[in-house]
Amino acid sequence: MKKILIVAPHPDDETLGCGGTILKYKAIGNQVYWLILTNILQQDKYGKKAINSRQQEIDAAARAYNFDEFFKLDFPATKLDTLPKRQIIERVTDVIGKIKPEVVYIPNRSDVHSDHRVTFDVMVSATKTFRYPFIKKILMYEVISETEFAPAVLDNAFIPNSFSDITNYMDKKLAIMKIYKNELRRFPFPRSKENIKALATFRGATAALKYAEAFTILKEIW
């Protein structure tokens, strides 16, 4: 049994990036933890109805995945790049020290959303091997409408080298994504069920699978 940590800048990134893989990890008996860095807050002029709805979505997603535990750091959404990274790193390392995960999933380093890029930078700093020798593997995931919309230059390319077979979990991944009512829209909007399935089909075809999620392995120690 392994301890897996899924790091999401926002709730829904975990589902778009590795929802099927989370379900598979749980199905084979691993402990899976969810760390959400941001939240929508009243001081940022979000209404109580929107805030309550977001918390209900987070709770519903946590139940659907049956996470062993989840953590909300409640940094302001869309504003991670305005905060001192040291402040974010300290909060993240508190969670890592509590869980002691062996495998960590983090967002792609060049996603167009600044919260994703800051999360990547924070997690690279927060998972140094000499401080956290229990971390044996770090993988980077892609998020529809964030990864592919980064400027089309070589440095921003998402180049997967690890593929997870999610054929048995595709339908449930889509069902969980529906929890996030404001994120799913009609095709050809990037975050449509058709497009999510199309990406899983494309990644699956690369690995001779029906549906897959793709990752870039950043570090592996074995």
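## Close-up views of a predicted model

**View 1. The loop between α5 and α6 holds P188.** Welcome to the first stop in this predicted model. The peptide bond that joins F187 to P188 is cis, with an omega of about 15°. Most peptide bonds, by contrast, are trans.

**View 2. N66 and K100 are two residues with a positive phi.** Neither is a glycine. For N66, phi is about 60°, and the residue belongs to the loop between α2 and β3. For K100, phi is about 55°; look for this residue in the loop between α3 (85-99) and β4. Is K100 buried, partly exposed or exposed? Its relative accessibility is 45%, so K100 counts as partly exposed. As background, most residues other than glycine have a negative phi.

**View 3. Seven strands line up in an open sheet.** Reading across, the order is β3-β2-β1-β4-β5-β7-β6, and the pairing is mixed. Which strands stand at the edges? They are β3 (69-76) and β6 (162-165); each has a single partner strand, so one side of each is left without a neighbour in the sheet. From one strand to the next, the twist averages 25°. Helix α4 (residues 114-126) packs on this sheet and touches β1, β2, β4, β5 and β7. The direction of α4 makes about 150° with that of β4.

**View 4. Strand β1 (residues 3-8) is largely enclosed by the rest of the structure.** That description applies because five of the six residues of β1 are buried. With β2 (residues 31-39), β1 runs parallel, and six bridges join the two. β1 also pairs in the parallel sense with β4 (residues 103-107), here over three bridges. L5 is a handy landmark: this residue stands opposite Y33 in β2 and opposite V104 in β4. Together with helix α1 (residues 13-27), β1 and β2 make a right-handed β-α-β unit. Moving along to β4 and β5, you will find another parallel pair, joined by five bridges, where V103 stands opposite K137 in β5.

**View 5. W34 and Y105 have the most contacts inside the largest nonpolar core.** This core has 35 residues. Back at Y105, and leaving aside neighbours within four places in sequence, the contacts include I4, L5, I6 and V7.

**View 6. Helix α5 (residues 170-177) has M170, K173, L174, I176 and M177 as its buried residues.** Why do they lie on the same side of α5? They cover an arc of only 160° around the axis, which puts them on the same side. An α-helix has 3.6 residues a turn, so residues three or four places apart point the same way. Among the elements covering the buried residues of α5 are α1, α2 (48-65), α6 (193-206) and β7 (212-220).

**View 7. F158 sits in the loop between β5 and β6.** Although it is a loop residue, F158 counts as buried because its relative accessibility is 13%, where the cut-off is under 20%. Leaving aside neighbours within four places in sequence, F158 is in contact with N108, M140, Y141, E142 and T147, as well as R203, A214, F215 and T216. F202 lies 44 residues from F158 in sequence, and their C-alpha atoms are 14 Å apart.

How values were computed:
Residues numbered from 1 in each chain as written. Predicted model: local features only at pLDDT ≥ 70, side-chain atom pairs only at ≥ 80, totals over all residues. Heavy atoms only, no water. Buried < 20%, exposed > 50% of the residue type's maximum accessible area, 1.4 Å probe, protein only. Helix = DSSP H or I, 4+ residues; strand = E, 2+ residues; numbered from the N terminus. Pairing = 2+ DSSP bridges. Right-handed = clockwise from strand over helix to strand, strands pointing away. Arc of directions from axis to C-beta. Contact = heavy atoms within 4.5 Å. Core = buried A, V, L, I, M, F, W, Y, C linked by side-chain atoms within 4.5 Å. Axes fitted to C-alpha atoms, helices over the stretch in contact; angles between N-to-C directions.
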